[in-house]
Amino acid sequence: MITHDIIIIGGGLAGMRAALEASKEVDTAVISKQHPLRSHSGAAQGGIAAVLDGWAEKIGDSLESHIYDTVKGSDYLGDQDAIEILCREAPGDIRSMDRMGAIFSRTEEGMIAQRDFGGHSYARTCYAADKTGHILLQTMYEQMMKNRVKVYSEWHVVSLIIHDNICRGVVAYDMAGGTLQVIRARAVILATGGYGRAFSITSNAHANTGDGLALAYRAGVPLQDMEFVQFHPTGLYKHGILITEGSRGEGGYLVNKNGERFMERYAPAKMELASRDVISRAIQTEIDEGRGIDGYIHLDLRHLGAELIMERLAQIHDIALSFANVDCVHEPIPIQPTAHYSMGGIPTDINGRVLGVSGLFAAGECACVSVHGANRLGGNSLLETIVFGRRAGISAVRYVKKAAIGGVSSSMLDSIEHEFYELAEMDGSERVADIKNDLQTVMTVKCGIFRDSQKLAEALEETRRLRERFNNIGISDRGMIFNTEMMEALELRNLLDFSEVIAASALAREESRGAHYRTDHPERDDVGWLKHTLAYRSETGPLLEYKPVTITSYKPERRMY
């Protein structure tokens with residue numbers, strides 16, 4: 001039986017930042033179902049937000065402005081104590097990444113370059129051309145190897161081990177070995193990222209199936225604010241591949257089939273740099289009302305010139321050319337909104353502790369601390385992984401120094417093993433791929449950018465029918481070494497678990513706030529709905545409860561861009 005002080009599930013930026021902090025003092029290991037350098041953090045393009053000394057004074061920016069923009073961007077559902085920590089600790093964490101060797105773009109004076117991003121009042125988004133996530137991921141991996149953190153690559157965690165409300169480790173499928181392994185620990189940190197693969201059009205990698213959320217949910221932890229799913233305004237048409245907000249931060253235009261910069265109708269002050277929820281709805285409205293071009297609109301960068309595009313947006317040029325046969329130096333890029341980010345997740349405190357379970361922590365996109373509330377500002381997601389990944393690592397170390405490695409019940413392990421092999425031996429008539437495709441269609445059509453009670457009720461019912469179909473799947477591969485068919489079944493089970501929560505939470509919230517837009521309840525309702533949703537697992541479906549939003553300095557007001 002394998003034993004470590006701290007096990008971190010997920011090898012992206014949040015997981016590696018937690019590992020880097022924890023490994024300074026205790027025995028730390030990372031478990032990832034793919035190599036950490038393939039984590040979806042590397043797909044983040046545009047930048048990471050912070051108010052840096054020197055540049056901030058030059059442009060008139062301030063810490064208070066960053067906090068206010070984030071609170072406003074969250075449509076006042078973000079917890080303001082957590083937001084203050086995110087923004088206040090951002091500069092120090094950016095400087096730390098810089099010292100570790102992250103290659104940020106620079107101004108002529110040698111300062112870290114910062115660009116405009118949607119919803120921010122000032123140009124405060126630090127960037128590395130349009131490869132910011134990739135650069136940070138490489139830097140963090142180097143540091144983790146320097147600290148000799150043990151990495152279990154291509155291991156898929158199938159269950160948390162929780163006994164007497166204490167997390168004591170995990171059970172994982174070792175793909176190369178073809179066996180189930182028990183790993184005991186004093187603490188476990190979940191850092192498994194998002195779940196965009198619940199939707200047909202998404203910017204997310206195929207691995208983003210919400211595994212950590214499902215692990216926590218099945219273990220009795222509630223999921224928070226799952227109705228708030230962000231659709232990024234600019235995904236490459238039909239593919240959903242991210243076209244960074246940095247494209248608009250550098251001055252790109254959104255235009256419809258008539259050549260109009262239509263954002264003037266929706267956000268006249270900020271135009272293409274309004275918040276993501278506002279722009280996504282505007283784009284979808286243009287398409288729905290017939291001003292799109294065969295289901296998309298254009299992102300026009302031509303006026304920026306070849307030199308700027310190739311210096312700051314070279315990856316976007318490559319993506320458009322490779323996947324749409326469009327040279328953005330000379331042609332506009334076809335784009336549509338794409339499922340991008342989860343504002344909700346596993347509820348934690350400001351130090352990453354999962355509510356209600358000792359020894360369990362979470363950080364990054366799978367967690368809900370909640371700094372993003374109902375809508376996330378661009379540049380704040382990479383920031384969250386670094387700030388709260390570090391804080392979770394520190395918090396977990398404090399915990400394990402006082403915690404013993406508890407015993408693991410043999411009956412619990414037998415039950416987990418039985419469930420795993422029972423799934424592996426299923427020989428029903430349903431195909432995993434068919435159920436997954438049907439789920440993605442349901443979530444996109446009925447739980448997407450525009451929602452109403454009828455569509456959401458149908459989505460909830462259909463997710464439950466898909467779960468019944470899942471009970472009749474067939475696994476044809478009887479080998480256990482790199483059984484990708486089994487992996488896809490495990491991932492689909494996770495997708496089904498939390499998709500039901502998304503639909504149920506969205507149906508219950510009878511208002512429009514941030515990314516959650518109800519056409520039958522188009523106004524924000526602070527009297528009835530200024531509160532967080534908590535969804536608990538039960539035999540009859542999600543049981544919903546609510547808790548208050550933490551408000552410190554900024555009272556809710558009308559959100560205008």
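This is a predicted model: local features need pLDDT of at least 70, side-chain atom pairs count only at pLDDT 80 or more; totals for chains, interfaces and linings use all residues.

Me: Which residues of H13 are buried?

Reply: General idea first: an α-helix makes a turn every 3.6 residues, so residues three or four places apart point the same way. In H13 the buried ones are Val432, Ile435, Leu439, Gln440, Val442, Met443 and Lys446. What they pack against is helix H14 (453–470) plus helix H15 (484–508).

Me: And where is Gly448 found?

Reply: Look in the loop between helix H13 (432–446) and strand S18 (450–451). Gly448 has a relative accessible area of 2%, so it counts as buried, the cut-off being under 20%. Setting aside neighbours within four places in sequence, Gly448 contacts Phe231 and Met443. Met443 is itself one of the buried residues of H13.

Me: Now the sheet: what is the strand order, S10 included?

Reply: In general, strands of a sheet pair through backbone hydrogen bonds, either parallel or antiparallel. Here three strands make an open sheet, ordered S10-S20-S21, with antiparallel pairing. S10 (223–224) and S21 (543–548) are the edge strands; each has a single partner, so one side of each lacks a neighbour in the sheet. Two bridges join S10 to S20 (531–536), and Gln224 sits opposite Leu534 in S20.

Me: Which strands does H15 touch?

Reply: H15 packs on the sheet, touching S10, S20 and S21, and its direction makes about 60° with that of S21.

How values were computed
Residues are numbered from 1 along each chain as its sequence is written. Side-chain values use heavy atoms; hydrogens and water are left out. Helices (H or I, at least four residues) and strands (E, at least two) are DSSP runs, numbered from the N terminus. Buried means under 20% relative accessible area, exposed over 50%, partly exposed in between (1.4 Å probe, protein chains only). Contact means heavy atoms within 4.5 Å. Two strands pair if DSSP finds at least two bridges between them. Axes are lines fitted to C-alpha atoms, for helices over the stretch in contact, and angles run from 0 to 180 degrees between N-to-C directions.
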